[in-house]
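The sequence and the structure follow.

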Amino acid sequence: MQNVQIAMDFPGFAQEFLRRNPVYRKEYREVMTGKRTVHRDEQEEMARRWGLSFPVFA
């Protein structure tokens, strides 16, 4: 098997880590796809818990 290296910046690495994390994926599905009643505050809390931040555009 060939060893392939992919150059990745920190945000790209973090995104890939979360994408592969089963706990994050389960929580994301529950919060974002409506499998449970969710308020915006709960979505924001999930984002903070996982260290996510989003730029604010005016």
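## Basis and terms

A salt bridge is taken here as a side-chain nitrogen of Lys or Arg within 4 Å of a carboxyl oxygen of Asp or Glu. The model is predicted, so local features need pLDDT of at least 70 and side-chain atom pairs count only at pLDDT 80 or more, whereas totals for chains, interfaces and linings use all residues. Residues are numbered from 1 along each chain as its sequence is written, and side-chain values use heavy atoms, with hydrogens and water left out.

The structure holds six salt bridges. In one of them Arg 19 pairs with Glu 16, with 2.5 Å between the closest N and O atoms; both residues belong to helix α1 (residues 10-20), three residues apart, or about one turn of the helix. Helices are DSSP runs (H or I, at least four residues), numbered from the N terminus.

Lys 26 and Glu 30 also meet through their side chains in a salt bridge, at 2.6 Å from N to O. These two lie four residues apart in helix α2 (residues 22-32), about one helical turn.

## A link between helices

The side chains of Glu 27 and Arg 49 form a salt bridge at 2.2 Å, N to O. This pair links distant parts of the chain, 22 residues apart, with Glu 27 in helix α2 and Arg 49 in helix α3 (residues 40-49). Glu 27 is buried, with a relative accessible area of 12%, while Arg 49 is partly exposed at 46%; buried means under 20% relative accessible area, exposed over 50%, and partly exposed in between (1.4 Å probe, protein chains only).

Salt bridges link Glu 27, Glu 45, Arg 48 and Arg 49 in a network.
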